Amino acid sequence: MSSNFYTSSHNLYHIYPRPTLFKARAIDRLYASPRQLLCLSIWFANLIQKVGKKLMLRQVPIATATIYFKRFYLKNAYCETNPYLVLAACLLVAAKVEETPVHIKSVVSEAKAVFTGMSPSQRQTRY
């Protein structure tokens, strides 16, 4: 870690000025207002938190997944990808990076339960 924030890799590569963020959302702004995009970003951050809690992850992997999700969507549009699939992938990768053992089947089943609003007992009786 750098002793000077202004020479750190975080400052050099991961701090984006507002015009750059506005430009990154050009495709999405065709379909939604900037306020709606902000609300969408908050919505997905809350979904990451919900799925992470269902998986009994610590706060660090959940925060890492949120950062991965936001960085992915700096370069890609919500319209061009499936954000729910990206969200689950970010949680899985963050858990692996933070050395928290979680199985891919667990991530998929808990994400599906949160996305559809079903409880685990409802999922078992449905199949």
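Trainee: Where does E99 lie?
Mentor: E99 lies in the loop between α5 and α6, where helices (H or I, at least four residues) and strands (E, at least two) are DSSP runs numbered from the N terminus. Before going on, note that this is a predicted model, in which local features need pLDDT of at least 70 and side-chain atom pairs count only at pLDDT 80 or more, while totals for chains, interfaces and linings use all residues. Residues are numbered from 1 along each chain as its sequence is written, and side-chain values use heavy atoms, with hydrogens and water left out.

Trainee: Okay, and what is phi of E99 near?
Mentor: Phi of E99 is near 55°, a positive value in a residue other than glycine. Most residues other than glycine have a negative phi.

Trainee: Is E99 buried or exposed?
Mentor: E99 is exposed, because its relative accessible area is 72%; the classes are buried for under 20% relative accessible area, exposed for over 50%, and partly exposed in between, with a 1.4 Å probe and protein chains only.

Trainee: Which loop holds M56, then?
Mentor: M56 sits in the loop between α3 and α4, and although M56 is not a glycine, its phi is positive, at about 60°. With a relative accessible area of 73%, M56 is exposed.

Trainee: Stepping back, how many helices and strands are there in the protein chain?
Mentor: The protein chain has seven helices and zero strands, and its C-alpha atoms fill a box of roughly 55 × 40 × 20 Å, taken along the principal axes. Of the 127 residues in the protein chain, 32% are buried.

Trainee: How do α3 and α4 cross?
Mentor: Their axes come within 10 Å and cross at roughly 145°, where axes are lines fitted to C-alpha atoms, for helices over the stretch in contact, and angles run from 0 to 180 degrees between N-to-C directions. The crossing of α3 past α4 is right-handed; a crossing is left-handed if the near helix is turned anticlockwise from the far one by less than a right angle, and right-handed if clockwise.

Trainee: Which residues make the contact?
Mentor: On the α3 side they are S41, F44, A45, I48, Q49, G52 and K53, and on the α4 side Q59, I62, A65, T66, F69 and K70, with contact meaning heavy atoms within 4.5 Å.

Trainee: What is S41 in contact with, leaving aside its neighbours within four places in sequence?
Mentor: S41, which is placed in helix α3 (residues 34-54), is in contact with K70 and Y78 once those neighbours are left aside. S41 counts as buried because its relative accessibility is 17%.

Trainee: Which residues have the most contacts inside the largest nonpolar core?
Mentor: They are I48, V51, F69, L87 and L91, in a core of 25 residues; a nonpolar core is a set of buried Ala, Val, Leu, Ile, Met, Phe, Trp, Tyr and Cys residues joined through side-chain atoms within 4.5 Å. At least two residues of this core come from each of α3, α4 (59-75), α5 (83-97) and α6 (104-116), and α5 gives the most, with eight residues. Leaving aside neighbours within four places in sequence, L91 is in contact with I48, V51, G52, L57 and A65.

Trainee: What does Y68 touch, not counting residues up to four places away in sequence?
Mentor: Y68, found in helix α4, touches C90, V93, A94 and V97 on that count. Y68 and V93 are 25 residues apart in sequence and 8.8 Å apart in space, C-alpha to C-alpha. Y68 counts as partly exposed because its relative accessibility is 27%.
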